[in-house]
Amino acid sequence: MVWERQQGQGGQGAWRDEGRSREGAVRMMRRSRRRKLPKFTGLCGREEGLRVKRSCPSCGPEPGGEEKKGRGNPISFQLFPPELVEHIVSFLPVRDVVALGQTCHYFHEVCDAEGVWRRICRRLSPRLREQGSGVRPWKRAAILNYTKGLYFQAFGGRRRCLSKSVAPLLAHGYRRFLPTKDHVFILDYVGTLFFLKNALVSSTLGQIQWKRACRYVVLCRGAKDFASDPRCDTVYRKYLYVLATREQPGVVGTTGSRACDCVEVYLQSSGQRVFKMTFHHSMSFKQIVLVGQETQRALLLLTEEGKIYSLVVNETQLDQPRSYTVQLALRKVSRCLPHLRVACMASNQSSTLYITDQGGVYFEVHTPGVYRDLFGTLQAFDPLDQQMPLALSLPAKILFCALGYNHLGLVDEFGRIFMQGNNRYGQLGTGDKMDRGEPTQVHYLQCPIALWCGLNHSLVLSQGSDFSKELLGCGCGAGGRLPGWPKGSASFVKLHIKVPLCACSLCSTRECLYMLSSHDIEHNPSYRDLPASRVVGTPEPSLGAGAPQDPGGAARACEEYLSQIHSCPTLQDRMEKMKEIVGWMPLMAAQKDFFWEALDMLQRAAGGGGPGPPPPES
């Protein structure tokens, strides 16, 4: 019944009665819906509501298992079809899927199913036709496409913040990148090479501004690797050399075609192909690097069997429309040491570094100045035989390296960083500016994700205990190349830059700092733990300056000692534990006696009573 609006208090009461009647009707409709729900579902009794159990069914009943009055029996997730649960989970963001999989065993199996990751991958990359390779192809493909990104920060200008480049929709993750004079090139995991262009774009305020890597095109497909001028200054990177696989027509009298490796040369400014050389189908290569001047540019090609071949071209004649034959020859490192199997290469303008599959390191130095900077002497330099490989003496297997103009960095299987070469600006990070003619360990850095050496500074990408990334740098800070440290530093310091969570490699030019973000679940660098004898044993002599070398695991041992001391309940127990730890540490007898006597004095001053038990024997 609706009351007519009247004057005064009677009118207000009429409006209140109308509102109450409407609220009552809404409550009646809701009550009727709740009564119909059990009838159609059939999961609960007539007078019970639907309640889904949120805890893991494999973990047993919930604590306090007595059902509260008025609630129905809980329903396990296992009652739902697995396909339905996987379909629902696939709509979550990747970050939430990973977090949900860490809650319990049931959700771990659900979130780790390939069906979930196949749907996620197709949602992230609708144009991706193949899932790729590996033990978990769909999960690997989804995470590669979720974490891919190229970030950069310019050293000059007013805006000094981290920016992200355009992300090609066709790219299947990011494997490698290379900035050139005007643009950036990115290679994905299926062999597609993308050409990211700088261009003038219109801002939100209607202003025209120059923006880096804001347009992209596909340069070529079937690429294995690519390289350009090895100098740090991108001004010299005029051409891009691409190692690719192409189908070649068969010879006369045969049918079909053969896949042959070739090297294609492109202009970096326009992406136009100006030169191509094709190899015999029996030769298969996996890496290409450049070394030397423009007129005598040497291309070093690494085969699948670990052999090095080289050929020489003249870059000043590449743009001339003519064809000629180049000679492919076996490099001296593979001729003189045929038993070596090279795993990877690194180069600059006047030197080349080889890492074997056993972790050995061999050097080629082509100029006397660089040789003197790297080794501190010209005693073994032969100007008539510049391709003779020189072996570096190292204590463990080397995993990867970084090669600058006159200094280098090495990372071994235990995560230790060794630096060698010129240290005029403190680019070795040893805390001083003394040159090192042999690999010298940087004691306070371990387990890096990536290492980069430039003209006169070095960068290290590291990861904290909470999986956060940070960028450290040392050397010359001129031009803003060490953000936050304009005067530079002789030790590795934390740079004032925000690092992406999945950053995996980096590169620095004169104008900009680049970081590539990509996470491959099957190719994570895994470091070994140092043997116990090296952790708490006698320190080894240094490889470089002759100073005592801190074992790589000493920091972890000290953290363990601190945790043991912290677990002691009383001050007296902590004193006794400290005396015990002093006996374990690799100290001289006089030093141990000093610490034991000092701890006894502190113990007596704290009210420990007598002198306590005698110190343990060293």
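Which residue of β12 does F285 stand opposite? In this predicted model, F285 stands opposite T303 in β12, where strands (E, at least two residues) and helices (H or I, at least four residues) are DSSP runs numbered from the N terminus. Because the model is predicted, local features need pLDDT of at least 70 and side-chain atom pairs count only at pLDDT 80 or more, whereas totals for chains, interfaces and linings use all residues. Residues are numbered from 1 along each chain as its sequence is written, and side-chain values use heavy atoms, with hydrogens and water left out.

By the DSSP assignment, the protein chain contains twelve helices and 28 strands. Of its 618 residues, 43% count as buried, a term that denotes under 20% relative accessible area, with exposed meaning over 50% and partly exposed in between (1.4 Å probe, protein chains only). The chain exposes about 33900 Å², of which carbon and sulfur atoms supply 54%; the accessible areas come from the Shrake-Rupley method with a 1.4 Å probe, and for residues only the protein chains shown count as cover. Among contacts (heavy atoms within 4.5 Å) between residues at least 6 apart in sequence, 48% join residues at least 24 apart.

The pair F285 and T303 belongs to an open sheet of four strands, ordered β11-β12-β13-β14 and paired in antiparallel fashion, with two strands taken to pair if DSSP finds at least two bridges between them. Its edge strands, each pairing on one side only, are β11 (285-291) and β14 (329-330). Between β11 and β12 (residues 297-303), which run antiparallel, there are six bridges. Antiparallel pairing is also found among β7, β8 and β9: four bridges join β7 (residues 223-227) to β8 (residues 239-249), with A223 opposite A244 in β8, and eleven bridges join β8 to β9 (residues 257-267), with R246 opposite C260 in β9.

Helix α6 (residues 137-147) is largely enclosed by the rest of the structure, because ten of its eleven residues are buried. The buried residues of α6 include P137, W138, K139 and R140, as well as I143, L144 and T147. The elements covering the buried residues of α6 include helix α5 (114-124) together with strands β1 (149-154) and β28 (512-517).

Two individual residues were examined in further detail. D412, in strand β20 (residues 407-412), is buried, with a relative accessible area of 0%. When residues up to four places away in sequence are not counted, D412 touches A396, K397, I398, L399, F418 and Y527. A polar atom of the D412 side chain lies 2.8 Å from the backbone nitrogen of R416. The C-alpha atoms of D412 and Q446, which are 34 residues apart along the chain, are separated by 9.8 Å.

L428, by comparison, lies in the loop between β21 (416-421) and β22 (436-446), and L428 counts as buried at 0% relative accessibility. Leaving aside neighbours within four places in sequence, L428 is in contact with residues including H407, M419, Q420, M434, V442, C474 and F492. Although L428 and A490 are 62 residues apart along the chain, their C-alpha atoms are separated by 7.4 Å.

Key. Polar contact = N/O pair within 3.5 Å; in protein donor to acceptor, adjacent residues only side chain to side chain.
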